[in-house]
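User: I would like a close look at one part of this model, in a single connected answer.
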Amino acid sequence: MINVFQPSLGEEELGAVREVFATGWVGRGRRADAFEAAFAAHLGVGREHVTSVNSCTEATFIAMSLAGVGPGVEVVIPSISFVGAANAIAAHGARPVFCDVDPRTLNPTADDVARALGPSTRAVLLLHYGGHPGEAAEIARLCAERGVLLVEDAANAIASTVDGRACGTLGDFGVWSFDHGKIAVAVDGGVLYARDPELVRRATRLAYFGLAEPTGHQRAARSASRWWEIEVESFSRRSVLNDVLAAIGTVQLRRLPEFLARRAEVVARYDAGLAGVPGVVLPPPVPPGHRTSHYFYWVQLDPRVRDDVAEDLYRAGVYTTFRYPPLHHVPLYGSDAVLPGADLAAARTLNLPLHQSLSDDDVDLVVRELKASLARRSGVVLTP
Ligand SMILES: *Cc1c(COP(=O)(O)O)cnc(C)c1O
C-alpha cells in the first residue's frame with residue numbers, strides 16, 4: 001500500500017535515542033532545550049518565543065488559555081480545520097464560529113474571516129491548508145486592525161513563509177505538530193510560539209502542573225535550598241516534551257530541508273503527470289512571495305465520482321483521504337453556519353499520497369491509477 005503520509009525515521013534517530021538512554025535521563029531536560037532552540041532558529045525568531053509540549057493539540061489548548069478564551073467569547077475558525085483545534089475552543093467554554101473557505105485553496109480569504117468577526121470575537125484560529133499560507137498575512141493585518149488575537153495552527157506549515165516570515169509567527173500565537181503524520185516526526189510532540197515572551201514563560205508553567213517554579217535539579221543548580229518544595233500557581237497538567245522525543249525531533253529538523261526538497265519533486269511530478277487530464281483540477285499555484293511546505297497534494301474531481309475514485313485507488317494499493325471534513329456539520333459544535341465554499345471543497349477534494357519516501361515509480365502509479373479510474377467511472381468533466 002502506498003501511504004498518504006509516512007514518517008522518515010531511521011538510524012540517525014535511533015542513534016539519538018540511544019544517546020539519550022545513555023545519559024540516564026529521559027525526562028524533559030537538555031535535549032528539549034536544544035530542540036526548542038533549533039526550532040526557534042528554524043523559524044527565525046528568538047529562543048524566548050518558543051516552548052515545546054507533548055502535542056500540537058495541547059499547544060492549542062494552552063494558546064486558548066493564554067488568549068483568555070472562555071465563556072461568552074467567540075473564536076473564528078475555518079470550517080475546514082483540524083478537530084482538535086475546534087475542541088480547544090469549545091473545551092474552554094467559548095463558541096467556535098466557523099467561517100467559509102475558498103473551495104479551490106481550502107483556505108479562508110480575509111473576507112471570509114471578516115464576515116465571521118463580531119463584537120464577542122476574541123481570536124481567530126487559522127489553518128494554512130496543506131502548508132499554503134493563503135491570505136495569512138492579510139488576515140494578520142485584519143486581526144491587528146480589529147483588536148482580535150491571531151492564533152495560527154501551523155501544523156501543516158512547518159516551513160511555510162510569507163515574504164520570508166514563518167507561518168505561525170505572523171500573529172500572537174503559533175502551534176506546530178511533530179506527530180506520526182507530519183513532515184518532521186518526533187513520534188509525538190508540539191511547539192508553541194508566542195509573540196510575548198512572558199506568555200511563553202506562562203505556557204511552560206502550564207505545561208508543568210502550573211508550578212510557579214521548576215523543582216529539582218534546575219532549582220538546586222541555582223543554589224536554592226529545599227529544591228523539592230512546590231508553589232502551585234494554577235491547577236494545570238503535565239504536558240512537557242521528554243528528551244527522547246526531543247532528540248528525535250532535533251534530528252528531523254536537521255533533515256527537514258532534504259524532506260522538503262523531495263516533496264517539491266513529488267509535487268512537480270504529480271503536476272506534470274496530471275496536467276490537462278480531463279476531470280482533474282490541480283491545486284492552485286503558490287503566489288510569488290509565498291513558500292509552502294507541501295504537506296498535502298490534492299486534486300479536485302467531480303463530486304459524483306470522487307468517492308468511487310478513492311475506492312478504486314484503494315483497491316489498486318493507493319491510500320487517499322480527505323482532510324479536513326467540515327466542522328460546521330459536526331452536531332456537537334452546534335453551528336448553523338451555511339458555508340458553500342467548505343461544502344464544495346469537501347465534496348470534490350481528494351488528498352493523494354505525499355511524503356518524502358515516495359519514489360518516482362510510486363507517483364507514476366498513482367497518476368496512472370487515477371487516470372484509469374476516472375476513465376472507467378465516467379466522462380464527467382469538472383471545469384476549474
Ligand atoms: C496534526 C495536526 C494537529 C494535531 O497535532 P498533534 O500533535 O497530533 O496534537 C493539529 N492541527 C493540524 C492542522 C494538524 O495537521
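Where does Tyr-319 lie?

Analyst: Tyr-319 is found in the loop between α10 (306-315) and α11 (340-348), where helices (H or I, at least four residues) and strands (E, at least two) are DSSP runs numbered from the N terminus. This is a predicted model, in which local features need pLDDT of at least 70, side-chain atom pairs count only at pLDDT 80 or more, and totals for chains, interfaces and linings use all residues. Residues are numbered from 1 along each chain as its sequence is written, and side-chain values use heavy atoms, with hydrogens and water left out.

Tyr-319 counts as partly exposed because its relative accessible area is 37%, and that class falls between buried (under 20%) and exposed (over 50%), with a 1.4 Å probe and protein chains only. Together with Met-1 and Tyr-314, Tyr-319 makes a nonpolar surface patch of about 340 Å². Such a patch joins nonpolar side chains within 5 Å, from residues with over 30% relative accessible area and no salt bridge (a side-chain nitrogen of Lys or Arg within 4 Å of a carboxyl oxygen of Asp or Glu), and the areas come from the Shrake-Rupley method with a 1.4 Å probe.

Pro-278 lies in the loop between α9 (243-274) and β10 (290-291), and Pro-278 counts as exposed because its relative accessibility is 58%. Although Pro-278 and Lys-371 are 93 residues apart along the chain, their C-alpha atoms are separated by 9.0 Å.

Terms used:
Patches are made of residues with over 30% relative accessible area and no salt bridge: like charges are joined within 9 Å, nonpolar side chains (Val, Leu, Ile, Met, Phe, Trp, Tyr) within 5 Å.
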